[in-house]
Amino acid sequence: MYVPHSSPKSSDPLRGFTEEEQEDTSANSKPSVPFVTVEDKTENGEVFGRRSPSLFFLSPRNLENHYGTLPQLIEKEIALNPGLYPAKSKYKITIHQFSLLANDVCYKNITSVDLHITVESEKPKKQILDFNYSDSLESRVTDCTFTLATAPAFVGWVIYLPYLSFRGNREDQLNQMGRIAVLTFFEKLRESFPKK
């Protein structure tokens with residue numbers, strides 16, 4: 001998951017940077033944001049999402065994000081678009097909770113996101129944003145329907161394919177839910193910074 005951001009100078013309107021700036025978009029890149037400190041108080045910040053399978057027990061349960069952890073995504077967004085975040089003093093962004101989960105229970109898959117972030121200004125020391133976001137989506141894209149669809153029975157494709165094309169696979173659902181939560185946070189963050 002990356003943070004899509006439209007930029008008039010970008011050849012790719014979803015990325016928010018030009019080819020010249022496209023040095024490294026992976027988790028290894030370290031942007032410099034001198035006026036913002038991001039602190040992660042979640043239990044396992046390296047795990048971006050979690051999957052709870054119903055049948056495929058050997059599939060990975062902890063999912064990483066190629067573009068970095070949530071603190072890295074926040075730092076990159078602010079570093080790439082400093083004009084959108086007009087900071088008059090130093091700020092501390094604290095991630096209290098970030099849960100991105102796909103819970104498969106054979107007959108349904110529940111994808112959910114919970115995000116709680118606070119933002120404080122250092123001088124004067126006060127909280128400017130207390131952001132809480134929660135959402136969930138229920139679909140029939142499950143381990144059981146996938147298994148049924150791969151069986152040599154035509155009925156499996158009739159059951160599975162409509163859900164696959166309409167809702168996307170579980171990774172698509174996790175990406176979209178995480179992206180919407182993070183984009184909503186950035187929108188509220190922009191509104192919270194004092195206007196110049």
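1. Is Lys 125 buried or exposed? Lys 125 counts as exposed, because its relative accessibility is 64% and the cut-off for exposed is over 50%. The model is a predicted one, and the points below should be read with that in mind.

2. Lys 125 takes part in a salt bridge with Glu 120, with 3.4 Å between N and O. Glu 120 has a relative accessibility of 26% and counts as partly exposed.

3. Over the whole structure, the search returns 3 salt bridges. Another of them pairs Glu 39 with Lys 92, where the closest N and O atoms lie 2.8 Å apart. The two residues are 53 apart in the chain and belong to distant parts of it: Glu 39 sits in strand 1 (residues 36-40) and Lys 92 in strand 4 (residues 91-104). Glu 39 is partly exposed at 26% relative accessibility, and Lys 92 is partly exposed at 28%.

4. A further salt bridge is formed by the side chains of Lys 108 and Glu 138, at 3.9 Å from N to O. This pair also links distant parts of the chain, 30 residues apart, with Lys 108 in the loop between strand 4 and strand 5 (109-121) and Glu 138 in strand 6 (residues 126-139). Lys 108 has a relative accessible area of 19% and is buried; the cut-off is under 20%. Glu 138, at 39%, is partly exposed.

5. Which strands pair with strand 4? Strand 1 runs parallel to strand 4 and is joined to it by 5 bridges; here Val 36 is opposite Tyr 91. Strand 2 (residues 49-52) also pairs with strand 4 in the parallel sense, over 3 bridges, and Arg 51 stands opposite Ala 102. Strand 5 runs antiparallel to strand 4, with 13 bridges between them. In that pairing, Thr 94 has Thr 118 as its bridge partner.

6. Strand 4 and strand 5 form a hairpin with 4 residues between the strands, and Cys 106 has a positive phi near 70° there.

7. Ser 112 is part of strand 5 and counts as buried at 16% relative accessibility. Apart from neighbours within four places in sequence, its contacts are Ser 99, Leu 100, Leu 101, Asp 135, Ser 136 and Met 177.

8. The largest nonpolar core has 31 residues, and those touching the most other members are Ile 74, Ile 93, Phe 98, Leu 115, Phe 185 and Leu 189. At least two residues each come from strand 1, helix 1 (70-80), strand 4, strand 5, strand 6 and helix 4 (170-192). Which element gives the most to this core? Helix 4 does, with 7 residues.

9. Phe 185 deserves a separate entry. Leaving out neighbours within four places in sequence, Phe 185 is in contact with Ile 74, Ile 93, Leu 115, Ile 117, Val 119, Leu 129 and Phe 131. Among these, Ile 74, Ile 93 and Leu 115 are also listed with Phe 185 as residues that touch the most other members of the core.

Methods
Residues are numbered from 1 along each chain as its sequence is written. This is a predicted model: local features need pLDDT of at least 70, side-chain atom pairs count only at pLDDT 80 or more; totals for chains, interfaces and linings use all residues. Side-chain values use heavy atoms; hydrogens and water are left out. A salt bridge is a side-chain nitrogen of Lys or Arg within 4 Å of a carboxyl oxygen of Asp or Glu. Buried means under 20% relative accessible area, exposed over 50%, partly exposed in between (1.4 Å probe, protein chains only). Contact means heavy atoms within 4.5 Å. A nonpolar core is a set of buried Ala, Val, Leu, Ile, Met, Phe, Trp, Tyr and Cys residues joined through side-chain atoms within 4.5 Å. Two strands pair if DSSP finds at least two bridges between them.
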